[in-house]
Amino acid sequence: MSERPARCRLVVLISGRGSNMLALADACARDLPADIVAVISNEPGAAGLASAAERGLKTEVVAHRKYPERATFDDALADTIDRYRPDLVVMAGFMRIVTPPFIKRYLGRMLNIHPSLLPDYPGLNTHARALADQRTRHGATVHFVTDTLDGGPRIAAASVTVVGTDDADTLAARVLEREHELLPSVVGWFATGRLTMRDELAWLDGQPLNTPFDLDADPAA
Ligand code: GRF
């Protein structure tokens, strides 16, 4: 029997458009045993804040520019997050590097979605870098957040074929579509108690994910 409450409380961190957050909100409304209890942005002008509010989701801004130091911003962010008592914190296009104490506080219950097939291309400009390397496959990965940037235990990935006519924008758009499937799937596993982090690995249904689950191998998972 799962030890989790019937519905998993999600706090989603964003910095911009928020399309992954909206995909998650759709999935919660449809069939995920989870609710977005707050959407928090470090950018006051993030378009995703308005979209979230339109959906009736609670929104918060913790503007990093108001904090002279990373650590004080992270403390303020954590205080805001904790007011919502989340079971899971989801970084969905959250463009801030956070400090080790913040990471420790949410270890094993904080996910990030990254637009590359990790471990390839951590950091920025992933689509352009994949194109420059003439990759034939590219995609997105969801992982637990640890101290290594985009380097925590990988959970699942979804990929697309890179075609000759692709530029960074067309490739990003196709990867984003896959992200909108990938993130709700992984959050669903966590919400139903199937996914945990232990021994620096992600575990799904009691099995260590030495390589990330390939969403394309079983799209219905
Ligand atoms: C996504 O590509 C995500 O993987 C990356 O930033 C982008 C955010 O897009 N971390 P959105 O704000 O969810 O639309």
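Two strands count as paired if DSSP finds at least two bridges between them. Helices (H or I, at least four residues) and strands (E, at least two) are DSSP runs, numbered from the N terminus. The model shown is predicted: local features need pLDDT of at least 70, side-chain atom pairs count only at pLDDT 80 or more, and totals for chains, interfaces and linings use all residues. Residue numbers start from 1 along each chain as its sequence is written, and side-chain values use heavy atoms, with hydrogens and water left out.

**View 1. The open sheet of eight strands.** The strand order is β3-β2-β1-β4-β5-β6-β7-β11, and the pairing is mixed. At the edges stand β3 (59-61) and β11 (213-214), each of which pairs on one side only. Within this sheet, β6 (residues 137-144) and β7 (residues 154-161) are antiparallel and share seven bridges. His138 stands opposite Val160 of β7.

**View 2. The open sheet of three strands.** Here the order is β8-β9-β10, with antiparallel pairing. Because β8 (195-198) and β10 (207-208) are at the edges with a single partner strand each, one side of each is left without a neighbour in the sheet. Four bridges join β8 to β9 (residues 201-204) in the antiparallel sense. Leu195 has Leu204 in β9 as its bridge partner.

**View 3. The shell around the ligand.** The residues surrounding the ligand (a heavy atom within 4 Å) are Arg17, Gly18, Ser19, Asn20, Gly93, Ile113, His114, Pro115 and Glu179. By class, this shell has two nonpolar, five polar and two charged residues; Ala, Val, Leu, Ile, Met, Phe, Trp, Tyr, Cys and Pro count as nonpolar, Asp, Glu, Lys and Arg as charged, and the others, Gly among them, as polar.

View 4. Ser19 places a polar side-chain atom 2.5 Å from a ligand oxygen atom. For Gly18, a polar backbone atom is 2.8 Å from an oxygen atom of the ligand. A polar side-chain atom of Glu179 is 2.7 Å from a ligand oxygen atom. On its own the ligand has 370 Å² of accessible area (Shrake-Rupley method, 1.4 Å probe), of which the protein covers 86%. The elements giving two or more residues to the shell are α1 (19-30) and β5 (110-114).

**View 5. The loop between β5 and α5.** Pro119 lies in the loop between β5 and α5 (126-132). The peptide bond from Leu118 to Pro119 is cis, with omega near 15 degrees. Asn125 has its place in the loop between β5 and α5. Although Asn125 is not a glycine, its phi is positive, at about 55 degrees.

Note on methods
Polar contact = N/O pair within 3.5 Å; in protein donor to acceptor, adjacent residues only side chain to side chain.
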